[in-house]
Amino acid sequence: MEDQEVDVATSLRSELAALQYKRDRLTQEVEEMRSQIRSRDQHCLELQVEAEQLREQAARQNAIISSLKKRVHELEERERNLFAAQGRHEISLQSAQRDIRYSEEKAKELESKVRHLEIELSSEEQKKESARLQFQDFVRRLSGALGVDAVDTSSISAEALVHKASELVQETSRLRSKAHNMNDSLGSVEVDLRTCRENFERAVADKECIQRQSAVQ
């Protein structure tokens, strides 16, 4: 009986030792699991923080992407505007080139006209000089004809020549009037002379007739 009790006690102690070992092991495992859980919780927190940071980065990246898309759209729009402006500039350039060609042709035409006018001006200057010399010669000859003494024809004024010519016209008119009066007087004298001649001829004829009659008697 005692042996059985000893065996039971031994068995119980052995079982208790085994249970204590299991308890200690389970306790250790629980602690390890708690440690793992805490580690996992910490890791989860870290992952949550990292996820939050990643979400923030993603939000920033999305904002950057949105800004870049907007920038790309603006650049594309600017590129289209540049193409359109380039087309307008090409049209303006072509128009400007046409204007330049027209201006160059107009300038050549004007240069030709200027050269032609310069030639005409030179010819007119020569004609003017020739006319001036002819006028001076005419004034010199007219001055000589009018009796105006002048060493230099440039010193003779047109008013002086006109005044001298007016005096000559008046003198000529006076002489013509005098000549007309003299012609009238001469005509009257000629009439009287013819009358006297006729009277003289009649007197001579009467004398001859009387002489013939006297000779007959």
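The protein chain folds into 2 helices and 0 strands, where helices are DSSP runs of H or I with at least four residues, strands are runs of E with at least two, and numbering starts from the N terminus. Keep in mind that this is a predicted model, in which local features need pLDDT of at least 70, side-chain atom pairs count only at pLDDT 80 or more, and totals for chains, interfaces and linings use all residues. Residues are numbered from 1 along each chain as its sequence is written, and side-chain values use heavy atoms, with hydrogens and water left out.

Now for the surface. Of the 217 residues in the protein chain, 3% count as buried; buried means under 20% relative accessible area, exposed means over 50%, and partly exposed is in between (1.4 Å probe, protein chains only). The chain exposes about 19400 Å², with carbon and sulfur atoms supplying 56% of that. Those areas come from the Shrake-Rupley method with a 1.4 Å probe, and for residues only the protein chains shown count as cover.

On to the charged pairs. Side chains of opposite charge can pair when their charged atoms come close. The count here is 4 salt bridges, each being a side-chain nitrogen of Lys or Arg within 4 Å of a carboxyl oxygen of Asp or Glu.

Start with Arg-71 and Glu-74, whose side chains meet at 3.8 Å, N to O. Both sit in helix H1, which spans residues 2-146, and they are 3 residues apart, about one turn of the helix. Arg-71 counts as partly exposed because its relative accessibility is 44%, and Glu-74 does so at 38%.

Move along helix H1 to Glu-77 and Arg-80, again 3 residues apart, or about one turn. In this salt bridge the closest N and O atoms are 2.4 Å apart. Glu-77 has 32% relative accessibility, so it counts as partly exposed, and Arg-80, at 43%, is partly exposed too.

One more pair to look at is Lys-113 and Glu-109, which form a salt bridge at 3.6 Å, N to O. Because they are 4 residues apart in helix H1, about one helical turn separates Lys-113 from Glu-109. Lys-113 is partly exposed, with a relative accessible area of 45%, while Glu-109 counts as partly exposed at 37%.
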